[in-house]
Amino acid sequence: MDVYGDIGNKCIEKMNAGVYHYTPAGHTLSPVRQGDNRKDVAEASLWQMWMAHAPLTLVITAEYSRITVKYRQRGIRYAIIEAGHIGQNIFLQCQAMGLEAGIVGAFEDQEIIRALGIKKTHEPLLIMPVGYAG
Ligand SMILES: Cc1cc2nc3c(=O)[nH]c(=O)nc-3n(C[C@H](O)[C@H](O)[C@H](O)COP(=O)(O)O)c2cc1C
């Protein structure tokens with residue numbers, strides 16, 4: 001599983017707008033692409049333009065070739081289950097931090113990959129816009 005953060009312009013202190021890849025080991029972020037592309041992500045999500053207002057959007061992806069090496073076809077099932085776990089943890093963490101989160105399953109996979117500039121093998125499963133309640 002890989003999680004990406006898509007950050008808007010002037011949305012998070014000391015962080016430039018862009019797409020970042022999260023590495024759990026070390027709890028670090030690596031830049032993937034610079035610039036505010038929230039509108040592109042919202043358009044790729046069947047034009048759910050409310051998403052473009054979120055300062056942070058988290059994208060949970062699976063690399064099926066990686067997980068099926070070990071678990072064969074059943075790996076697909078594990079990846080989908082794990083996406084749910086990650087999403088639930090994001091909801092819980094947001095609640096603990098006084099943030100709101102939404103969940104989006106309606107999007108064009110290839111358009112999201114293109115909008116984020118992430119690896120083509122990292123298939124987006126869930127998108128979670130995060131922010132303070134308006
Ligand atoms: C996996 C998943 C994907 C979802 N995708 C979307 C989405 O793309 N757009 C949206 O507006 N709501 C989406 N929802 C939210 C559902 O529409 C919402 O949970 C449902 O309407 C029930 O909401 P309620 O209990 O607040 O009435 C998604 C929910 C889940 C669990």
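Mentor: Let's begin with a term: a salt bridge is a side-chain nitrogen of Lys or Arg within 4 Å of a carboxyl oxygen of Asp or Glu. Keep in mind that this model is predicted.

Trainee: How many salt bridges does the structure hold?

Mentor: There are 4 salt bridges here. The general idea is that side chains of opposite charge can pair when their charged atoms come close. One case is Arg66 with Asp2, where N and O are 2.9 Å apart.

Trainee: Which parts does the pair of Arg66 and Asp2 tie together?

Mentor: Arg66 sits in helix α2 (residues 64-71) and Asp2 in strand β1 (residues 2-7), so their bridge links parts 64 residues apart in sequence.

Trainee: Is Asp2 buried or exposed?

Mentor: Asp2 has a relative accessible area of 8%, which makes it buried, because buried means under 20%. Arg66, at 41%, is partly exposed.

Trainee: With which other residue does Arg66 form a salt bridge?

Mentor: With Glu63, and the closest N and O atoms are 2.7 Å apart. Glu63 is buried, its relative accessible area being 13%. Through shared partners, salt bridges join Asp2, Glu63 and Arg66 into one network.

Trainee: What separates Lys39 and Glu43 in helix α1?

Mentor: About one helical turn, because the two residues are 4 apart in helix α1 (residues 38-44). Lys39 and Glu43 form a salt bridge too, with 3.2 Å between their closest N and O atoms.

Trainee: Where does each of them stand in accessibility?

Mentor: Lys39 counts as exposed at 52% relative accessibility, while Glu43 counts as partly exposed at 22%.

Definitions and conventions: Residues are numbered from 1 along each chain as its sequence is written. This is a predicted model: local features need pLDDT of at least 70, side-chain atom pairs count only at pLDDT 80 or more; totals for chains, interfaces and linings use all residues. Side-chain values use heavy atoms; hydrogens and water are left out. Buried means under 20% relative accessible area, exposed over 50%, partly exposed in between (1.4 Å probe, protein chains only).
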